[in-house]
Amino acid sequence: MEREIEIGLIEELLRLREAKSHYLDDEIEFNSVDQYKSEAIFQRERDQMFARLPAVAAHVSELTNPGDFVKREIAGRSILVTRDAHGEVYAFLNICRHRGTQLVDDESGCKHRFSCPYHAWSYANMGELVSVPHMATGFPDLDKAQYSLKSLQCEERFGFIWGIATPDITFDFDAYYSPIAAEAEGLDLANMDIAHEEKKVHNSNWKILVEGGIESYHSKVAHRKTIGPYFEDNLSSYQMLGDHMRSVLMRSSMHVLRDQPTDQWRLRDHANIIYTFFPTTQLLVQKDHVVWINSRPVSAGQTELRLATLAPKSRLAEEAYWEKNHQITSTTLNEDFVIGESIQSGFASGANDVITFGRFEGALPEFNRTIMRHTAA
Ligand code: FES
Ligand SMILES: [Fe+2]
């Protein structure tokens, strides 16, 4: 993060704290409950956003060696991500081009060739069809070059491997992420490794889970038994970076900076910084590590979350330390996720047609406006 921005963000929060105020938008806003419970709206989000925008398939540490692969699901499609002998990464639809069997069953591994479990057509990890049993008799004129695995746009950036689940899309990845790229690079995630992780399906719409991380109105209440005491009450700011967002949640410790020269100010020591890479990847930046929150929307009412603590490779051996940190984060975030399920199950009651966002919850309508822009067309 640029120094000037970092100091500006700290000064803004200190000023608000001194004024006993909040980070306020102009007005109260609303969102229809349908946005969270309608399967038709979810399908539109899937077709127009999840299938067409980049999603993180893996952290680079999951594909370090030539031949490494992972199988992932993006926008309801099974995706195979590979690294070839030259270190290039590729993404494909995990579908055999013969009669459509899912080619790879394993979640991850190291292989240079993939053989279909049905009739053993086999493919190189760069996608080409390399052999067809009994080809000369059964498929005498088959042009193997036309039967490569369906290739997907795949980019290795900011320590992650990103894929777009629809073939034949050319997406300007760098333009889309340029407003957030320098800060994402600055996190040095490529030199980190997954110290701990967990995966769970939550009975909640994906947007509710994102929204829980980008306001601090709830911090002292919902997290009173965990991190609540370490944070200022309802004091956080947010900035849109293109479609993406930086949220800064102020720790109570930040006020000590008033007595220190600004050249010693370091935001991540006194705040949780949350980057939302639109739409489904969030990074929670803490003092000495980053928590990667990857959501995989399954249906209007279900979302699988992968929660991974990324630690610097040089300190990966401090296992007990990372485990403890992961547990604190997991316990805290699960307080949000349980509430997310409570909200989702309450939608059916008809108590609310809309949900209401206060002026200090302005990040949430902003996030929802970004969704509307992508799904309106
Ligand atoms: S479906 Fe894959 S080889 Fe037949
Ligand atoms: Fe929370």
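At 3% relative accessibility, F173 is buried (under 20% relative accessible area; exposed is over 50%, partly exposed in between, with a 1.4 Å probe and protein chains only). The model is predicted, and local features need pLDDT of at least 70, side-chain atom pairs 80 or more. Residues are numbered from 1 along each chain as its sequence is written.

**Exercise 1.** Classify the aromatic pair of F158 and F173, and state which parts the pair ties together.

*Solution.* 
- Step 1: apply the rule. Rings of Phe, Tyr and Trp (its six-membered ring) pair if their centres lie within 6.5 Å; planes under 30 degrees apart are stacked, over 60 edge-to-face, the rest tilted.
- Step 2: read the geometry. The centres of F158 and F173 are 6.4 Å apart and the planes make 35°, so the pair is tilted.
- Step 3: place the residues. F158 sits in the loop between strand 11 and strand 12, F173 in helix 5, so the pair ties together parts 15 residues apart in sequence.
- Step 4: check burial. F158 is buried too, at 7%.

**Exercise 2.** Classify the pair of W162 and F277.

*Solution.* 
- Step 1: the centres are 6.0 Å apart and the planes at 50°, so this pair is tilted.
- Step 2: W162 lies in strand 12 and F277 in strand 16. Both are buried.
- Step 3: one aromatic cluster includes F158, W162, F173 and F277.

How values were computed:
Chains lettered and ligands numbered in written order. Heavy atoms only, no water. Helix = DSSP H or I, 4+ residues; strand = E, 2+ residues; numbered from the N terminus.
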